[in-house]
Structure formats: structure tokens, C-alpha cells
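Welcome to a short tour of one chain and its model. Have the viewer open as you read, and turn to each region as we come to it.

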Amino acid sequence: MPKTVVDFPVFDADNHMYETTDAFTKFLPKEYDGLVKYVQVNGRTKIAVRNVISDYIPNPTFEVVGRPGASEEFFKHGNPEGKSRREMIGEPIRSPEAFFSPEPRLALMDELGLDRALMWPTLASLLEERLYMDPKATHAVIHALNQWMHEHWTFNYEGRIFASPVITLPIVDEAIKELEWVAERGAKLILIRPAPVPGYRGYRSFALPEFDPFWQRVTELDITVGMHASDDGLTRYYNLWEGQPEGEHLPFAGFSAFLDIMHTQGRGIFDTVASLLGHGLLSRFPSLRILPVENGAAWVRPLVAALEQSYAKNPSQWPEDPLMVFKRNVWIHPFHEEDPRGLIDLLGVDRVVFGSDYPHIEGMSDPLSYVDELQGLPHEDIARVMGGNLAEVMRLPFAA
């Protein structure tokens, strides 16, 4: 049972499934055999995409993982004692079935005190970046993943678990086709990587008018747009500063001080939301609901300041006040270690949602303990942050 007891339903914006080893390949067309595969390297199983081994997620089978919340203290208080990664994380655990399947996950959610949860894929975060040079293959693998997700989790499991299918955007007609496919099968939200879209014409923002047919269909289907943190390609940029010709920068793998600074700034989501506003997408489609998840909130105040400055200096370049658009169309999920009160003061209590990042090591071991961060707020405001706001974004009922 959770240590904290609440008298309202809790809707967690950030839970994760762990994909099984056939998640990308079970439904992949034969012509793409071998595009994604698991290989053995020094006795360890690794994933390879286009015959390139990735360590972006060190254990892609998820058979053994760090315990949920193992790095929670590090993210809240840092590492002043200079402990090793193993010392901070502690002994790993064997993943229970609840990390892989919906029925046991419901029982675990009951133990944690969670009424409902958005369920994001985990390993899928590496796919698009490693297939950027092949748009057709990208769409094929993403569709195969979504077929597996629908078969294994469904997109709406008993009205409590809402798995998020991925939509990739290199070929707009294919993106619309995929969007309609998941919507027909009950999807209430989609995951779009917060990064420029690679395609036959190079990289470009998905907020540019050429993508409007896709966004028009999103509004017609009234689906929430989740933008969960993924590998957004910034490694290529960071490598220029690090003096490296190539390579991955791996989470928690001994960053340089420079990389540690860069990874606290929310550069990818800052640029993404700036594009949604600056390229006018959220003014052309004012009913879009944008939900950045696992991107934290450190980027919000600098973006607000930039919007205010730009609008004050040159209001004619904006179709409407961009700060008002931001507050109308975007909901923010702060990291658990961040103080939510400043964010609430900045954007209003109705624009902040709760997410635990369970069962990741950087997430929370006891999701309901986040209520402690909200003490002193009116009861109804706490209920909104812990569940009501997300229910509103998802077009679901909520009874506090």
C-alpha cells in the first residue's frame, strides 16, 4: 500500500512499459528482416538497428533492471559524496511481469494507489534517431511497434491504462494513415518525438505548414499529443563541442561536466515548443492539446521570458500573444525533484500535471509521495495536479 493516502483519484502522466524482444519485429514486413535485431556482445544482449549496436538503453531486454526510484535521491540531492553509479543505484532486480503486461500492471497500480496512468514505451525512444536516413523503414518499424502495442497492451485497457502509440512524421500521408489506424483502435493519445523530422528533403520542424494536413486530422480525431522525451538527435550537436566525431551520449554513464549542464536545460523540448509557437502551428490549430512528458520544467521560464520579449519587440510577427497560446495549448509535467509551486505561479494550477516515471530508476518509488510537494495548496488544487488536469487533457471524467 502507498505510504500517502489521498481521497481523490490519481492519474499518473508518466508510467512506462518495457517492450518484449519481439515488439519491433513480430509484425515487421519480411522485406525489413534484420533491420532490428538482438545480438550478443561479451555475454550481454544488445539491440542493433541497421547493424549498428546501440547502448542508448544498456539492457534492451529489461530482464534485470534497477529498482524503481533507485536514483530518486540523486535527482533530488545530487551526489556530493561522489558515489559510483552502482553505489547510487544499488542492487538490480528481476523485472516482474507487471513491467511487461497490462493485467498484472493494474494490480501493481492498485498497490501504488494509482487510479489511471499513461503508459509510454521505453525502448522505442531510440528508433527514429537510428533510422533517420530511411523514412520508409521508419514508418514500417513504427507501425510494427504499434501493432504489437495494440495486441499486447491495447490503447485503452479497462479505462485505466492508456498506452501511447508512436506517430513518426517523415512522410505526411503515412503519418495520417498511422494516426487513423491507431484512432480506429481506441488510442486517446499519441507520442510524437520532440525533434526535427528527418525526410527526403532533410530535417524540418513538424510545425511548418507542410504538416498541416496531419495536424488537421489530429484535431478532427480530438487526440491528445504527447511529446515524451526521446533520443532527439542532439548528440550530434554535443559531439561538436566534445570533439567527438560520432557516438552516443548515454544516460547516467559518466557525462562530462559540459554534458551534465546541457542535459539539465531541456534544449530539445524548448526548441520544439518554440517551434510550435513561432511557426504558428498552435494558432492555426488552437484546439490542439500538447503534453510534454519527462522533459521537466526547467525550460519553461526561459521560454516564457523569450516569448514576452519577442512579442513586446515585434508583435506584428505573431498572429496572437504567444504566451496566451502557450497557456492555452500546453500542459507541463515537471520532474519529481523540481518545485512545482513556481511553475504553478507562472502558468496557473490548471496547466501542471503529475507523473512519476515509474518504474524507471530516475522516477519515484512511491508515486503518491508527490502530494507532499503540494502541501499548503488548496485541496482542490492538489487534486487537479494529481489527476484532474490530466483527465481534462485526455477528455476523461474526473471526480475529486
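Predicted model: local features only at pLDDT ≥ 70, side-chain atom pairs only at ≥ 80, totals over all residues.

In which sense do β3 and β4 pair, and over how many bridges? Strand β3, residues 44-49, runs antiparallel to β4, and three bridges connect them.

Zooming out, β3 and β4 belong to an open sheet of three strands, ordered β2-β3-β4 with antiparallel pairing. The edges are taken by β2 (36-41) and β4 (52-54); each has a single partner strand, so one side of each is left without a neighbour in the sheet. From one strand to the next, the twist averages 45°.

**Helix packing**

Two packed helices are described by the angle between their axes and the distance between the axes.

| Helix pair | Crossing angle | Axis distance |
|---|---|---|
| α5 and α6 | about 5° | 11 Å |
| α6 and α7 | about 15° | 9 Å |
| α10 and α12 | roughly 30° | within 10 Å |

Let us begin with α5 and α6. Their angle of about 5° makes α5 roughly parallel to α6. On the α5 side, the contact is made by His139, Ile142, His143, Asn146, Gln147 and His150, while α6 brings Glu174, Ala175, Glu178, Trp181 and Val182. Sorted by class, the contact of α5 with α6 has four nonpolar, five polar and two charged residues.

Next comes the packing of α6 (residues 172-184) with α7 (residues 212-221), at about 15°. These helices are likewise described as roughly parallel, since the angle is under 35 degrees. The crossing of α6 and α7 is right-handed. From α6, the residues in contact are Val172, Ala175, Ile176, Leu179, Glu180 and Ala183; from α7 they are Pro213, Phe214, Arg217, Val218 and Leu221. The contact of α6 with α7 divides into nine nonpolar, no polar and two charged residues.

What classes of residue make up the contact of α10 with α12? First, the geometry: α10 (residues 267-278) and α12 (residues 300-313) cross at roughly 30°, and are therefore roughly parallel to each other. Their crossing is right-handed. Phe270, Val273, Ala274 and Leu277 in α10 meet Pro302, Leu303 and Leu307 in α12. The residues of this contact are seven nonpolar, with no polar and no charged ones.

**Aromatic pairs**

A search of the whole structure turns up 15 aromatic pairs. One of them joins Tyr18 and Phe62, whose rings are stacked, with 4.3 Å centre to centre and 5° between the planes. This pair links distant parts of the chain: Tyr18 lies in the loop between β1 (11-16) and β2, Phe62 in the loop between β4 and β5 (64-65), and the two are 44 residues apart.

**Backbone details**

Where is Thr154 found? Thr154 sits in the loop between α5 (135-152) and β8 (161-163). Although not a glycine, Thr154 has a positive phi of about 65°. In the loop between α14 (340-347) and α15 (379-393) you will find Pro359. The peptide bond joining Tyr358 and Pro359 is cis, with omega about 5°.

Technical notes:
Residues numbered from 1 in each chain as written. Heavy atoms only, no water. Pairing = 2+ DSSP bridges. Helix = DSSP H or I, 4+ residues; strand = E, 2+ residues; numbered from the N terminus. Axes fitted to C-alpha atoms, helices over the stretch in contact; angles between N-to-C directions. Parallel < 35°, antiparallel > 145°, perpendicular 65-115°, else oblique. Left-handed = near helix turned anticlockwise from the far one by under 90°. Contact = heavy atoms within 4.5 Å. Nonpolar A, V, L, I, M, F, W, Y, C, P; charged D, E, K, R; others polar. Phe/Tyr/Trp six-rings, centres within 6.5 Å; stacked < 30°, edge-to-face > 60°.
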